[in-house]
Each structure stands twice: as structure tokens, then as C-alpha cells.
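Open the model in your viewer and keep the selection tool at hand. This short tour says what to pick next and what is there.

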Amino acid sequence: KQWYQRRVRGGVQGDTDKQITAYHHINKLFASYIDHSLDDIDYTVGEKLFMEQFLDMEIREAPVGKGMLYPDDGQSFESVLYYGNEWLLFIWDVILLSTIDYWSGSFVLSAAVAWVFNEVFLSKFSSWRCQRNVATKALIDDRFLL
């Protein structure tokens with residue numbers, strides 16, 4: 001019994017301490033990177049060229065020793081959340097629409113309720129929850145995920 005208690009306490013506490021230490025080191029690194037405080041690692045911010053946006057790929061080479069950052073419109077993070085679950089979401093929408101239409105007898109009402117549900121629950125709540133999960137699992141501060 002003592003071995004089990006010592007193992008559980010030491011393992012959980014040890015893992016938590018390692019995670020907290022790693023979290024602080026990564027936050028310091030990212031903050032230094034954003035502030036241009038690191039001499040050997042730097043970045044430039046620029047817009048994508050028309051052909052880069054059209055082809056959805058980078059054509060220009062990044063300068064040697066520098067990273068290239070592009071402004072994000074917010075769609076790239078949200079598009080990853082549902083990647084691979086399109087059929088599941090489609091079936092969910094059809095079932096929700098059919099159920100509400102069966103109960104209410106009004107297709108317009110069921111379409112409106114399904115749309116509101118998708119906008120409020122799936123878009124807002126899921127995005128917030130997934131962003132929080134990414135921040136926790138990757139040990140990244142929430143402020144870096146705008």
C-alpha cells in the first residue's frame with residue numbers, strides 16, 4: 001500500500017512539475033521570439049502574393065536564418081477543427097433538421113433552429129473548447145492563439 005501511494009503521489013507530482021517547467025520555458029521562448037529578442041532566430045511578417053494565395057502554397061523562399069509569418073484571417077484554425085468529420089456533421093445536421101421538422105411540422109422553423117444550433121454550438125463553443133485544448137496540450141499560452 002505504501003509503494004502504491006508513493007508511486008501515485010510521486011508520479012503525478014513529478015509529471016506536473018515537469019509540465020509546469022516546460023510550460024514556462026516554452027512561454028519564455030515564444031515571448032522572446034515575438035519580441036525579436038533572440039539574435040539567432042528572427043522572423044519577418046508579410047502578405048502572401050496572389051499566386052501563393054491562389055495555389056495555397058508558398059512560392060517565395062524565406063530569407064536565410066529567418067522565418068516567414070503571414071497574417072491569419074482566423075479560418076485556418078477553425079478549418080482544422082472539423083477536418084475529417086464532414087460526413088458526421090452532415091448526418092448530424094440532417095437528423096437534427098428531420099427531427100425538428102417532424103415535431104414542429106414546419107420546415108422553415110426546423111431549418112432556422114438547425115442553423116442557430118450550428119452557429120451557436122458548433123461554431124462558437126467547439127472553437128473555444130478546441131482552442132483551449134490546443135493551448136493546454138501544446139503548453140502554449142492562450143494569448144498566442146488569437
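This is a predicted model: local features need pLDDT of at least 70, side-chain atom pairs count only at pLDDT 80 or more; totals for chains, interfaces and linings use all residues.

Follow the sequence and the pattern reads α-β-α-β-α-α-α.

The accessible area of the chain is about 12,100 Å². Carbon and sulfur atoms account for 62% of that area. Of the 146 residues, 12% count as buried.

Turn to contacts. Take those between residues at least 6 apart in sequence: 50% of them join residues at least 24 apart.

Next, the aromatic rings. How many aromatic pairs does a search of the whole structure find? There are four aromatic pairs. Two of the stops follow.

Select Phe-50 and Phe-54. Their rings are stacked, 6.1 Å centre to centre with 15° between the planes. Both residues sit in helix H2 (residues 50-55), four residues apart, so about one helical turn separates them. Are these side chains buried or exposed? Phe-50 is exposed at 61% relative accessibility. Phe-54 is exposed too, with a relative accessible area of 61%.

Move on to Trp-92 and Phe-117. The ring centres lie 5.9 Å apart and the planes meet at 45°, so this pair is tilted. Which helices hold the two residues? Trp-92 belongs to helix H4 (residues 86-104) and Phe-117 to helix H5 (residues 107-137), so the pair ties together parts that are 25 residues apart in sequence.

Finish with the cover on this pair. Trp-92 is partly exposed, at 40% relative accessible area. Phe-117 is partly exposed as well, at 29% relative accessibility.

Notes: Residues are numbered from 1 along each chain as its sequence is written. Side-chain values use heavy atoms; hydrogens and water are left out. Buried means under 20% relative accessible area, exposed over 50%, partly exposed in between (1.4 Å probe, protein chains only). Contact means heavy atoms within 4.5 Å. Accessible areas come from the Shrake-Rupley method with a 1.4 Å probe; for residues, only the protein chains shown count as cover. Rings of Phe, Tyr and Trp (its six-membered ring) pair if their centres lie within 6.5 Å; planes under 30 degrees apart count as stacked, over 60 as edge-to-face and the rest as tilted.
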